[in-house]
Amino acid sequence: MAAQTLAAQSHGFLSPTGVEIAFLLVGLVTLGAALVAVTTKQLVHAALWLVVALGGLAVEYLLLTAEFIAWVQVLIYVGSVVVLLLFGLMLTRAPIGRSPDSDSGNRPVALAVAVAAAAALVWVVVDAFRTTWIDLEGPALGSTRVTGEILFQHWVLPFEALSVLLLAALVGAIVLSRKKQEGERD
């Protein structure tokens with residue numbers, strides 16, 4: 001009886017919980033959306049699939065009880081970066097449908113680099129967390145206050161660099177979209 005109670009309390013890889021199954025399913029949908037985003041030949045569809053992939057990542061953060069990071073993911077990436085990307089596509093009058101210019105012919109090289117990068121990332125994560133188990137049933141280890149302090153003490157410069165980069169992209173899109181008026185000098 002005691003052995004059954006002990007086995008029921010601890011679960012392993014072969015007896016996943018509902019949260020772990022949801023995490024896996026959302027991860028597969030996110031991976032699929034990311035693959036479609038980088039393989040489609042329609043730029044607007046790529047941006048919309050990117051919304052699905054980034055939204056799936058936010059759901060993964062929610063399943064890991066990182067609510068603050070999930071909302072940052074939604075607000076910053078889904079709300080700002082993708083909207084800016086779509087705005088840039090509209091301002092530069094990029095083709096809405098299929099475009100022959102969207103394929104450079106480097107798909108085999110890009111696939112090899114992507115597979116190598118994914119293998120390296122998986123190896124690093126598995127090696128770093130080989131024996132670490134996250135208790136999803138227990139209390140969250142990090143609070144919003146601690147996460148905010150770390151973000152604004154150690155990660156302010158990358159956030160500011162990203163904002164300057166996004167501003168430069170927006171200004172570039174506006175400059176490219178302006179029509180030259182007749183009689184206007186080069």
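Residue T30 lies in helix α2 of a predicted model. At 12% relative accessibility, T30 counts as buried, because the cut-off for burial is under 20% relative accessible area. The protein as a whole contains seven helices and zero strands, and 12% of its 186 residues count as buried.

**Surroundings of T30**

- The side chain of T30 reaches the backbone oxygen of V26, at a distance of 2.8 Å.
- Leaving aside residues up to four places away in sequence, T30 touches A53, G56 and L57.

**Overall architecture**

- Read along the sequence, the elements follow the pattern α-α-α-α-α-α-α.
- Of the contacts between residues at least 6 apart in sequence, 70% join residues at least 24 apart.
- The accessible surface of the protein amounts to about 14300 Å², and carbon and sulfur atoms account for 71% of that area.

**Confidence of the prediction**

- The protein has a mean pLDDT of 78, with 75% of its residues reaching 70 or more.
- Among the elements, helix α2 (residues 18-39) has the highest mean pLDDT, at 91, whereas helix α1 (residues 2-9) has the lowest, at 49.
- Residues 1-8 have pLDDT below 50, and this stretch has zero contacts in the model beyond near neighbours in sequence.
- Where pLDDT is low, the predicted coordinates should not be read in detail.

**Nonpolar surface patch**

- A nonpolar patch on the surface is formed by I21, L24, L25, L28, L31, L35 and V38.
- Together, the residues of this patch have about 700 Å² of accessible area.
- One of the patch residues is L35, which is placed in helix α2.
- L35 counts as partly exposed because its relative accessibility is 48%, a value that falls between the limits of 20% for buried and 50% for exposed.

**Salt bridge**

- The count of salt bridges comes to one.
- R130 forms a salt bridge with D127, and their closest N and O atoms are 3.2 Å apart.
- Side chains of opposite charge can pair when their charged atoms come close.
- R130 is exposed, with a relative accessible area of 55%.
- D127 is partly exposed, with a relative accessible area of 41%.

Methods. Residues are numbered from 1 along each chain as its sequence is written. This is a predicted model: local features need pLDDT of at least 70, side-chain atom pairs count only at pLDDT 80 or more; totals for chains, interfaces and linings use all residues. Side-chain values use heavy atoms; hydrogens and water are left out. Helices (H or I, at least four residues) and strands (E, at least two) are DSSP runs, numbered from the N terminus. Buried means under 20% relative accessible area, exposed over 50%, partly exposed in between (1.4 Å probe, protein chains only). Contact means heavy atoms within 4.5 Å. Accessible areas come from the Shrake-Rupley method with a 1.4 Å probe; for residues, only the protein chains shown count as cover. pLDDT is the predictor's confidence in each residue, from 0 to 100. Patches are made of residues with over 30% relative accessible area and no salt bridge: like charges are joined within 9 Å, nonpolar side chains (Val, Leu, Ile, Met, Phe, Trp, Tyr) within 5 Å. A salt bridge is a side-chain nitrogen of Lys or Arg within 4 Å of a carboxyl oxygen of Asp or Glu. A polar contact is a pair of N or O atoms within 3.5 Å; within protein, one must be able to donate a hydrogen and the other to accept it, and residues adjacent in sequence count only if both atoms are side-chain atoms.
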